[in-house]
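Trainee: I want to check some labels against their cut-offs. Can we take them in turn?

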Amino acid sequence: MWARQREASSMYKRLSSRDYTDTLDAESRDYMNPMDLEDKSALLQDGTGIDTSNPSWRLSFPHVLVATISSFLFGYHLGVVNEPLESISVDLGFSGNTLAEGLVVSTCLGGAFIGSLFSGWIADELGRRRAFQLCALPMIIGAAMSATSKTLAGMLLGRLFVGTGMGLGPPVAALYVTEVSPAFVRGTYGSLIQIATCLGIIGALFVGIPVKDVVGWWRVCFWVSTIPAAILALAMFFCAESPHWLYKQGKTAEAEVQFEKLLGLSHVKVAMAELSKLDRGEDVDSVKLSDLLYGSHFRVVFIGSTLFALQQLSGINAVFYFSSAVFKKAGIPSSLANVCIGIVNLTGSVIATALMDKLGRKVLLQWSFFGMSIAMAIQVAAASSYASETGSLYLSVGGMLMFVFTFALGAGPVPGLLLSEIFPNRIRAKAMAFCMSVHWVINFFVGLLFLRLLEQLGPQLLYSIFATFCVMAVVFVKRNVLETKGKSLQEIEIAFLPQD
C-alpha cells in the first residue's frame with residue numbers, strides 16, 4: 001500500500017481543471033464494457049458509463065472510527081475530574097479552596113481555546129492526519145503531568161496541555177470525517193463524533209468510581225487516558241489522508257490513491273471530477289481573517305458562528321453544571337446523577353445517528369431546539385411558586401433529562417458536521433477554527449457567569465432567557481440553514497456560492 005502511494009507521489013504532476021477533466025474523460029473509457037465506438041460515445045454523453053451507485057461504507061468506516069478516538073478523549077477529559085476532584089484537592093493541599101477547584105476544572109477550557117485557534121492553520125499546513133497526531137501529543141504529555149503532579153501548579157499545567165489537544169481535536173475530527181465520508185452516510189458518520197464524546201464522558205465516570213475507596217486512584221484516571229491517545233497517534237499512520245486536502249495542495253495523484261482506499265476504484269474518477277469542478281486557480285495557500293468576515297464567505301461563516309453561539313446560549317452547559325444539585329434534592333447521589341445524564345445523552349446521540357441521513361440536518365436541528373425550548377419551559381414551571389415541592393422536583397428532573405435528550409438529537413451533533421459541510425474547501429479548516437473559537441469563548445463565559453446570574457436573576461428568569469435563545473435558534477435554522485443530506489461537498493459549495 002505504501003509502495004503504491006510513493007509511486008503515486010513520484011508521478012505527481014499539477015493539472016489544471018480543464019486538463020484534469022479532459023484526462024478523466026479519456027480514462028473513463030477504460031471502465032466501460034467492450035462495445036463499438038458509437039455505443040461508447042453514447043454512454044459518455046448520458047453518463048451511464050460511470051458508476052453512480054453508492055460506494056461501500058465499509059471502506060471508509062475504519063478511518064472514521066480512528067478519528068473519533070479524538071472525540072472520545074475530548075469527552076473523557078471533560079469528565080475525568082468530576083469524581084476525583086475532592087481526592088485531588090486533599091492530596092495536593094487545596095481542599096476547601098473553591099477557586100483552585102474551579103481552576104482544575106476550567107483550565108482545560110483555556111487550553112482548548114488556544115488549541116482551536118491554531119487548529120485551522122495546523123490542519124491546512126500539516127494535513128489532517130498529522131493534526132490528529134499533534135492533538136494526541138499534548139493529551140499524552142498533559143495527562144502524564146497531571147498524573148505525576150505533587151502541586152496545584154503542576155496539575156494546572158497538565159490540564160492546560162490537555163486542553164490544547166481538546167481544542168485541536170474536535171474541528172479536525174469534523175473536517176476529516178466530512179472529507180473522507182461518502183455523501184450517503186456522512187451524517188451518520190458525523191453523529192459518531194457525538195457518540196464518542198458521550199462514551200468518553202461515561203468512561204471517565206466509570207473509571208473514577210473507585211476513587212473514594214483507593215488512595216491515589218485519581219492518578220490512575222489520568223494515566224488511563226494516555227492509552228487511547230497513543231492508539232490515535234499510532235493508528236493515524238495507517239489511515240487515509242483527506243483527498244480534499246491533498247487536492248488543495250496540488251497532489252492530485254495522491255488524492256486519487258486515497259479516494260481508492262476510501263471509496264473503491266470504480267468511484268475514483270467521479271470523485272476527482274467533482275473536486276476538479278471547484279478548482280478555479282484560487283490562492284489556497286493564504287486564507288486571512290478578512291476572507292472569513294467579509295465578501296463571499298461571510299454568509300457561511302456567519303451561519304456557523306451563530307449556530308455554535310446559539311448552541312451554548314441555549315443553556316446546555318448550565319444544565320450540566322446544575323444537574324447534580326437538582327438530583328441531590330431528589331435524593332439521588334451525584335455519581336448516579338452523572339451516569340443518568342450520560343446515558344440519556346448517549347441514547348439521544350444514537351437515535352440521531354439513525355436519523356441524520358434520513359430526516360436531514362435541518363429537520364433535526366429545528367426539532368431539537370424546539371424540544372429544548374419546551375424543556376426549558378418545564379424548568380420555568382418547576383421554579384414557579386405555583387408548583388408544589390414534589391411537583392417542582394419531578395418537573396425539574398424531567399425537564400432536565402428532556403433537555404439533554406433533545407439536545408443530543410440535533411443541537412449537539414449537527415453543528416460540527418453541518419459547518420464542515422457548508423464551508424468551501426479553500427477556507428474549511430480555518431473557518432472551523434474560527435467558529436470553534438467562538439464556541440469556546442461563549443462556553444467559558446456561560447460557565448463563569450451562570451451561578452452569579454442564577455443568584456441575581458433567579459431560576460425562572462434565567463431559564464426563560466435560555467428558552468428564548470432556543471426559540472431564536474429554531475427561527476434562525478429555518479431561515480438560514482441549507483439541507484445538506486445526501487449532497488456532495490461540491491454541490492453544497494455551489495449552492496452557497498453560486499457561480500458567476
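This is a predicted model: local features need pLDDT of at least 70, side-chain atom pairs count only at pLDDT 80 or more; totals for chains, interfaces and linings use all residues.

Trainee: Why is the pair of W367 and F370 called edge-to-face?
Mentor: Rings of Phe, Tyr and Trp (its six-membered ring) pair if their centres lie within 6.5 Å; planes under 30 degrees apart are stacked, over 60 edge-to-face, the rest tilted. Here the centres are 5.7 Å apart and the planes are at 85 degrees, so the pair is edge-to-face.

Trainee: What makes W367 exposed, and F370 partly exposed?
Mentor: Buried means under 20% relative accessible area, exposed over 50%, partly exposed in between (1.4 Å probe, protein chains only). W367 has 58%, so W367 is exposed. F370 has 40%, so F370 counts as partly exposed.

Trainee: Which angle makes F74 and W440 edge-to-face?
Mentor: Their planes are 65 degrees apart, with 5.8 Å centre to centre. Both F74 and W440 are buried. They sit 366 residues apart in the chain.

Trainee: Which residues make the nonpolar surface patch?
Mentor: I114, L117 and L157 are among them, and the patch covers about 800 Å². Patch residues have over 30% relative accessible area and no salt bridge; nonpolar side chains are joined within 5 Å, like charges within 9 Å. A salt bridge is a side-chain nitrogen of Lys or Arg within 4 Å of a carboxyl oxygen of Asp or Glu. L157 has 39% relative accessibility, so L157 counts as partly exposed.

Conventions:
Residues are numbered from 1 along each chain as its sequence is written. Side-chain values use heavy atoms; hydrogens and water are left out. Accessible areas come from the Shrake-Rupley method with a 1.4 Å probe; for residues, only the protein chains shown count as cover. Helices (H or I, at least four residues) and strands (E, at least two) are DSSP runs, numbered from the N terminus.
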